[in-house]
Amino acid sequence: MISEVVMPQMGADMTEGTIVRWRKQEGEPVERGEIIAEIETDKANVEIEAFEGGVFRKILAHEGAVIPVGGIIAVIAAPGDDISTYEAGASAPVARPAAPRAATSSPPSISVAAPTAAVVAAPDPDAAAAANGRLRVSPVARRLADERGIDLRQLRGSGPDGRIVKRDIERTATTRTAAAPTAAAPDAVAPAAERGGTLAMSKMRQAIARRMATSKREAPHYYLLVDVDMTAALAFRAQANATLPDDARVSINDMIVRACALALRAHPAFNVTADSETFTQQTRQNVCIAIALDDGLIAPAVLDAGAKTLAQIARETKDLVARAKGGALRAEEITAGTFSITNLGAYGIETLIGIIQPPQTAILGVGSVTAQPAARDGQIVVRDLMKVALSADHRVTDGALGAQFLAEIKRLLEAPLLLVL
Amino acid sequence: MAEITYREALRQTLRYQLQNDERVFLMGEDIGAYGGSYAVTKGFLEEFGERRVKDTPIAESVVVGAGIGAAMAGLRPMVELMTINFSLLAIDQIVNNASKLFYMSNGQINVPLVIRMAGGAGSQLGAQHSHSLESWYAHVPGLKVVVPATPYDAKGLLMTAFEDDNPVIFIEHTALYTQKGEVPDETYSIPFGQAEVAREGDDVTLIAYSGSVRQASGAADQLAAEGIACDVLNLRTLRPLDTAAILTSVRKTNRAIVIEDDWEFGGFGGEIAAIIQEHAFDDLDGPVLRCSGADVPMPYAGALEQAALPQEADIMQLVRSIV
């Protein structure tokens with residue numbers, strides 16, 4: 001039985017890996033599960049284990065070689081197996097062909113593409129498909145992974161054509177029983193808080209966990225804090241609302257949304273979305289507002305807020321909050337945001353430092369407006385102050401730019417007529 | 001309890017019916033003087049006389065039509081069409097009359113008719129006499145389709161066929177008449193729509209009926225030696241179909257293979273695969289596969305005929321590919 005050792009995919013965005021060190025020499029016996037190599041990915045060094053036992057017959061990629069995901073790096077086989085097809089490609093990795101599986105024919109024979117002289121083999125079409133997020137996963141494996149909160153991208157499939165099957169999930173589950181949340185009994189009578197024990201993560205909590213962890217892992221945050229004098233803004237708002245019908249009343253948050261949209265127009269560097277390779281300059285200012293729900297939160301966007309008046313923003317925000325709580329948001333409102341505002345002022349929180357929502361570049365955390373002593377023209381006076389904190393992605397912008405952006409938000413809010421000009 | 005053949009098991013039920021129900025009579029080509037092509041009715045003419053055991057001309061449409069008329073008039077006929085290949089000459093009577101009259105008469109007229117025929121291949125009878133057309137009949141609402149795999153099934157299912165007030169297509173397998181198995185001496189009925197779990201295992205579900213139960217069980221025995229445990233389902237009836245048994249097993253094993261002598265394209269295995277993916281999609285750990293007859297007219301040459309039929313080795317190979 002010939003077993004090809006291939007460059008594994010550790011995470012959906014991994015496309016290649018580097019052989020750091022071989023732990024086995026050619027000719028040594030190897031057992032299933034034994035560590036045979038160390039590889040380096042973009043994010044970590046990982047040990048590769050043998051999926052089959054036998055003799056470690058042939059190394060096809062030398063230490064230091066960069067091999068695409070799915071490329072064959074070694075061959076494990078019985079002593080008598082004919083591996084001459086691999087010998088020709090010694091030290092040059094061989095692309096694994098995507099062998100279509102014919103259900104009623106004899107088992108697919110081992111066939112390999114002609115070895116290339118280049119160190120990097122042609123990308124494996126299978127791996128490419130996986131890199132696009134189309135993992136081969138059986139339905140039951142997908143369901144169990146979903147129930148147990150297992151990230152399928154971290155698994156390597158042991159089924160036909162590398163499909164992730166039920167046993168792969170069960171193996172993962174047993175190795176991390178301590179950490180893995182188990183499904184809560186649906187008919188449990190006592191509330192969890194009284195009963196104790198482990199609980200399943202809801203879909204929303206899983207999504208929040210995934211997105212926030214991604215953000216903190218991939219986006220180096222920097223933070224800028226400033227006091228905004230809201231005295232004029234409060235007076236402006238009182239004056240405006242005195243003449244407006246209830247459904248058009250303007251909130252402090254609406255003014256902040258408008259101020260941020262205008263500031264984003266002046267500083268488009270903060271209206272950028274990022275993926276691992278590229279930044280995309282967004283042209284519309286889609287400003288998200290974080291809305292607390294029973295089991296988490298959601299941050300839908302006021303679309304094209306930069307082109308909308310304060311009155312329009314006020315009306316749309318009310319509608320957005322109502323629909324978020326009713327679960328009736330539109331897809332674009334959930335996915336198209338370019339900047340976010342998170343506001344815990346209503347809870348009396350002084351300073352809120354937010355986590356950037358990927359793939360956005362920045363988020364503004366807003367605290368409460370409180371009457372405080374402030375120095376003005378050498379006098380101590382009572383003013384309505386509000387602390388805001390900008391969290392921004394250092395990959396996209398630098399602190400000095402952030403300071404200018406934040407100063408623009410402050411300027412607009414302290415001279416609120418600018419919001420309606 | 002005695003060990004008897006599939007043929008003898010059928011004879012026991014037929015004799016019981018002739019002895020105990022005056023309305024029952026048998027009709028078919030060569031079932032009387034000759035004793036039946038597969039000797040199922042041998043000696044019945046002498047025992048029960050010409051009024052109860054009738055030889056007919058070679059005119060299948062007439063035979064079934066007469067049976068339908070007799071059933072409408074209150075008798076409980078059983079007609080034998082010799083083989084499923086000849087049933088094609090009677091298919092208009094079966095599909096347009098037998099299966100429809102209850103509906104067309106708004107429930108006023110029942111057709112309690114048992115139509116027996118032998119199906120399947122493996123006896124070198126050539127392309128025209130080796131069909132497995134059970135899926136054609138299973139396609140039609142208003143028909144019940146019975147496919148016994150063992151002597152025990154044959155005796156009990158035929159009893160239920162006679163008890164049923166609707167037309168029953170009772171398909172025996174030519175390769176099974178001499179198969180032996182334990183059968184109770186007393187009479188008994190096996191309800192339609194209840195599959196038998198012929199083997200128990202957790203790794204893969206093999207769904208079979210009629211002749212293919214034997215291959216599935218044989219493959220399961222050999223796979224057990226490799227550490228692969230198969231659940232083997234013997235469907236017993238295609239209409240009604242024991243969907244619950246299929247889904248229960250698939251939910252346990254997460255994998256399924258349907259084994260049928262019939263052609264794969266447009267066959268009954270496809271129906272089972274569709275039912276599984278509709279109702280147990282999230283329980284599947286791999287694709288539902290089919291091990292079917294080759295997509296060719298059945299070859300006459302013995303070696304080619306065997307190659308065209310699903311064999312234990314084919315089943316084992318498919319099992320290994322998904323376990």
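Over how many bridges do strand β6 (residues 144–146) of chain B and β7(B) pair in the parallel sense? They do so over three bridges, two strands being paired if DSSP finds at least two bridges between them.

## Basis of the description

This is a predicted model, in which local features need pLDDT of at least 70 and side-chain atom pairs count only at pLDDT 80 or more, while totals for chains, interfaces and linings use all residues. Residues are numbered from 1 along each chain as its sequence is written, and chains are lettered from A and ligands numbered from 1 in the order in which they are written. Helices (H or I, at least four residues) and strands (E, at least two) are DSSP runs, numbered from the N terminus.

## The sheet of chain B and its strand β7

Strand β7 of chain B belongs to an open sheet of seven strands with mixed pairing, whose order is β3-β2-β4-β5-β7-β6-β12. At the edges are β3 (53–55) and β12 (237–239) of chain B, each of which pairs on one side only. Neighbouring strands of this sheet are turned by 20° against each other on average, direction ignored.

Helix α3 (residues 60–72) of chain B lies across β2 (24–28), β4 (76–83) and β5 of chain B, and runs at about 165° to β4(B). Such angles run from 0 to 180 degrees between N-to-C directions, and the axes are lines fitted to C-alpha atoms, for helices over the stretch in contact.

## Helix packing in chain B

The axes of helix α8 (residues 212–224) and α12 of chain B come within 8 Å and cross at roughly 55°. The two helices are therefore oblique to each other, the class left over when angles under 35 degrees count as roughly parallel, over 145 as roughly antiparallel and 65 to 115 as roughly perpendicular. Residues of α8(B), including B:Gln215, B:Ala216 and B:Leu223, meet B:Glu312, B:Ile315, B:Met316 and B:Val319 in α12(B), where contact means C-beta atoms, placed from the backbone, within 7 Å.

Helix α9 (residues 243–253) and helix α10 (residues 268–279) of chain B pack at an angle of about 60°, with their axes 10 Å apart, and they too are therefore oblique to each other. From α9(B) the contact takes B:Thr243, B:Ile246, B:Leu247 and B:Val250, and from α10(B) it takes B:Ile272, B:Ile275, B:Ile276 and B:His279.

## Chain A and the interface

Chain A holds eleven helices and 18 strands, and buried residues make up 34% of its 421 residues. Among its contacts between residues at least 6 apart in sequence, 63% join residues at least 24 apart.

Between the chains, twelve residues of chain B are in contact with eleven residues of chain A. Helix α12 (residues 312–322) of chain B supplies the largest share of the chain B side, four residues.

Key:
Two residues are in contact if their C-beta atoms, placed from the backbone, lie within 7 Å. A residue is buried if 20 or more other C-beta atoms lie within 10 Å of its own, exposed if 12 or fewer, and partly exposed in between; C-beta atoms are placed from the backbone.
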